[in-house]
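Thanks for coming. I have one model to go through today, so let me put it on the screen.

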Amino acid sequence: MSETAIAAPSPTPRWEADPVLDVEHLTMRFGGLVAVDDLSFAVGRGDITAIIGPNGAGKTTVFNCITGFYKPTEGRLTMRRAEGEEFLLERMPDFQIAARAKVARTFQNIRLFGGMTVLENLMVAQHNPLMKASYFTFGGVLGLSHYRRSEKEAIGFATSWLEQIRLIDRADDPAADLPYGAQRRLEIARAMCTRPEILCLDEPAAGLNPRESAELNDLLRLIRDEYQTSVLLIEHDMSVVMEISDHVVVLDYGKKIADGPADVIRNDPAVIAAYLGVEDDEVEAAEEEVEEIKEEAERR
Amino acid sequence: MATTSPSRRPAAELVKDAAYSALIALALAAPIIGLQTVTARGGLGLNARWDDVFLIVLAVFAGRLLLNFTIWRHQGARPIGQKWFQRAGGRPFARHGHTLSKIIGPLALAVALLLPALPFSDRYVMDLSIMVLTYIMLGWGLNIVVGLAGLLDLGYVAFYAIGAYSFALLATHFDLGFWICLPLAGILAAFWGVILGFPVLRLRGDYLAIVTLAFGEIIRVVLLNWYEFTGGPNGILGIPDPTLFGLEFARRGDNTFHEFFGLSYSSMHKIIFLYYIILCLALITNFVTLRLRRLPVGRAWEALREDEIACRSLGINTTNTKLTAFAIGAMFGGFAGSFFATRQGFISPESFTFIESALILAIVVLGGLGSQVGVVIAAIVMMGGFEYFREFEQYRMLIFGLAMVFIMVWRPRGLISTRSPSVILKERKAIGADLVGQGHG
Ligand SMILES: Nc1ncnc2c1ncn2[C@@H]1O[C@H](COP(=O)(O)OP(=O)(O)O)[C@@H](O)[C@H]1O
Ligand SMILES: [Mg+2]
């Protein structure tokens with residue numbers, strides 16, 4: 001697919017033709033600091049889109065705006081669901097963005113329900129359909145069979161994901177007891193259990209070893225191809241980005257400096273100067289950060 | 001310290017450990033047991049009972065030594081002294097906690113059901129049991145808010161008061177009976193739970209605690225000052241007794257219990273009836289809570305306690321989730337309140353002071369946040385202990401405080417601190433307290 005983009009630089013790239021998410025003129029200010037500055041890009045339906053950029057470029061802030069954790073200072077975020085409904089995310093409370101606009105996310109520093117089991121984590125993710133099935137608790141308290149059936153289905157769905165991420169044997173262990181890489185996978189599976197149309201992953205490969213990283217690539221491809229979920233990911237690891245993304249957006253100091261297919265981005269002089277050019281220090285800094293995150297996760 | 005070596009510990013160390021325990025027992029027992037206040041001529045006198053202290057210290061020493069040489073021989077030192085403070089949770093008990101609660105549950109239920117028939121159950125025991133059960137029910141109700149949803153509520157007694165006053169006012173003004181008022185009182189309390197919930201849901205931790213505390217006090221002050229409506233400090237008199245399908249528990253009347261069954265009148269009938277009412281109410285509270293835990297709301301409560309932001313990222317309406325926790329907790333408080341009113345026959349704001357909230361919270365915390373069995377144990381130990389030390393009046397709070405400190409040091413996460421999963425795939429494993437979040441409240 002990227003071949004066509006290189007061969008004939010068509011005026012409208014594929015992701016602009018059918019975007020699942022449209023970010024227009026997004027600006028986020030924290031007091032005097034402009035974390036995201038007039039950023040516009042589109043996330044193509046069924047694409048893996050990567051946002052890259054040095055530390056502090058504003059990537060996580062973009063995610064927080066998309067998922068409603070921050071209210072953008074300016075700009076418009078339009079989510080277009082497959083069945084045609086449109087949502088203006090900047091006007092919705094965070095939980096509705098997940099529940100109705102079907103945007104799911106993971107966090108840079110993993111946020112699992114540590115004291116609950118792996119299976120319970122995936123059940124909490126199916127809260128809204130289960131809540132309906134329990135007739136908003138009233139039916140459930142009375143023990144209606146309708147709810148019991150729905151719960152079985154939910155467990156079945158969770159189980160299929162646990163098999164997918166190879167955690168089925170640890171289903172009844174507390175999530176906090178899992179090793180770091182497994183926690184990352186579980187967080188992705190938990191987000192997928194909300195049956196999203198777009199999955200936002202904040203540095204999912206951070207702290208993974210090369211084998212886990214390769215596995216993650218397979219998982220992301222599976223999510224894109226089998227579950228028809230568009231993926232928007234923030235990533236430091238250029239090998240991951242270049243290997244799996246259909247479309248790359250590069251941020252620097254909150255501004256977009258490049259936008260295009262992975263192999264075009266790789267050779268973009270502005271990107272090389274801003275990000276790839278300073279590889280050595282950058283990689284070191286990133287690695288340090290990863291170590292910290294890892295230690296923190298281990299401690300928790 | 002030899003605590004690190006997993007093998008057998010030397011005998012000298014075991015003796016030293018036992019001596020250390022005995023020393024602590026001495027420090028505790030000397031003032032509590034050794035000195036008894038007696039009313040002497042011209043004021044209060046002290047009565048020394050050093051022989052009792054000696055016996056207790058001896059018992060602690062011998063018991064500890066015995067345990068050290070038998071069960072604990074291979075386990076490394078038990079926590080004593082400063083090691084206590086380093087332990088985050090009751091990990092060694094984590095594995096036993098679950099099986100323990102499995103046995104205690106049915107056993108306690110059987111005892112509770114048969115209690116009125118047991119030989120030692122005189123009026124005093126029944127009255128005490130009714131009180132303990134009321135606190136168990138309140139503890140279970142508060143457990144939903146504090147233990148499951150992780151919201152620290154210091155004003156729970158407000159809902160208890162609302163339930164009691166709802167029933168008392170409805171009964172005295174409209175001549176309604178207990179069974180009609182009971183659900184109404186619960187609904188009213190739940191309604192007030194939502195009213196309180198709205199403004200405080202944005203608050204976290206200390207702020208939430210302070211606002212709920214203030215709410216509890218406001219309710220009490222309103223009850224105290226709204227003279228025309230609530231009777232102010234005089235309270236409300238003449239609250240009717242509950243009836244059994246229309247049968248009254250009175251000595252004389254048209255339709256009395258003892259005449260209907262051809263028994264001779266005994267005031268115990270009413271007490272036993274009240275006992276079974278509160279037992280039923282408490283069991284319903286427990287049943288509903290256990291059910292709710294396995295439903296999506298209950299799971300959302302616990303998820304909320306673990307990580308609120310993650311909850312929102314999964315599409316959970318955290319505001320509604322918190323409100324339901326407040327409302328359902330308040331509803332059970334309201335039920336307990338109307339029971340309290342019907343049992344006492346008289347209520348006044350004095351019964352609903354902050355110390356009650358603190359007591360209920362202490363029961364929940366000491367029992368182990370979120371643990372149903374823990375609440376039962378804590379309520380029995382605490383209320384029983386209060387009753388037992390009634391003679392010591394002025395030392396009661398001191399002993400209470402010491403007991404709190406002791407338990408918090410021994411089991412910082414409460415007596416039963418493990419969490420049992422709400423849904424399992426293959427095998428039920430208890431989750432150690434150190435992994436379970438305590439909420440932001
Ligand atoms: N809540 C906040 N308040 C103030 N400044 C913030 C906040 N969140 C992010 N920032 C600032 O915005 C900038 C971008 O941060 P972030 O989006 O986390 O970068 P990254 O690209 O590394 O994810 C940083 O300078 C950061 O300090
Ligand atoms: Mg970031």
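A backbone N or O atom of Gly58(A) is 3.0 Å from an oxygen atom of ligand 1. In this predicted model, Gly56(A) also puts a backbone N or O atom 2.8 Å from an oxygen of ligand 1, and for Ala57(A) the corresponding distance is 3.2 Å. I call these polar contacts, meaning a pair of N or O atoms within 3.5 Å; within protein, one atom must be able to donate a hydrogen and the other to accept it, and residues adjacent in sequence count only if both atoms are side-chain atoms.

Which other residues are around ligand 1? Among them are Phe30(A), Leu33(A), Asn55(A), Lys59(A), Thr60(A), Thr61(A) and Tyr70(A). A residue is listed there if one of its heavy atoms lies within 4 Å of the ligand.

Some conventions. Residues are numbered from 1 along each chain as its sequence is written, chains are lettered from A and ligands numbered from 1 in the order in which they are written. The model is predicted, with local features needing pLDDT of at least 70 and side-chain atom pairs pLDDT 80 or more, while totals for chains, interfaces and linings use all residues; side-chain values use heavy atoms, leaving out hydrogens and water.

Now confidence. pLDDT is the predictor's confidence in each residue, from 0 to 100. Chain A averages 85, with 89% of its residues scoring at least 70; chain B averages 80, with 87% at that level. Residues 1-6 of chain B are below 50, and this stretch has 5 contacts beyond near neighbours in sequence, a contact being heavy atoms within 4.5 Å. Residues 76-97 of chain B also stay under 50, with 38 contacts beyond four places in sequence. In chain A, residues 1-8 stay under 50 and have 7 such contacts. For the complex, the predictor gives an ipTM of 0.85 and a pTM of 0.79.

On to the interface. Chain B contributes 33 residues and chain A 43. Together they bury about 3,400 Å², 65% of it on carbon and sulfur atoms; buried area is the accessible area (1.4 Å probe) that two parts lose on being put together, summed over both.

How many salt bridges are there between chain B and chain A? There are 4, counting a side-chain nitrogen of Lys or Arg within 4 Å of a carboxyl oxygen of Asp or Glu. Asp94(A) and Arg312(B) form a salt bridge at 2.4 Å, N to O. On chain B, the elements giving two or more residues to the side that touches chain A are α11 (267-294), α12 (296-306) and α13 (308-313); helices are DSSP runs (H or I, at least four residues) and strands likewise (E, at least two), numbered from the N terminus. The largest share, 7 residues, comes from α12(B).

Over all chains, the search finds 30 salt bridges. One is Lys255(A) with Asp37(A), at 3.1 Å between the closest N and O atoms. That pair joins strand β10 (residues 255-260) to strand β2 (residues 33-44) of chain A, 218 residues apart.
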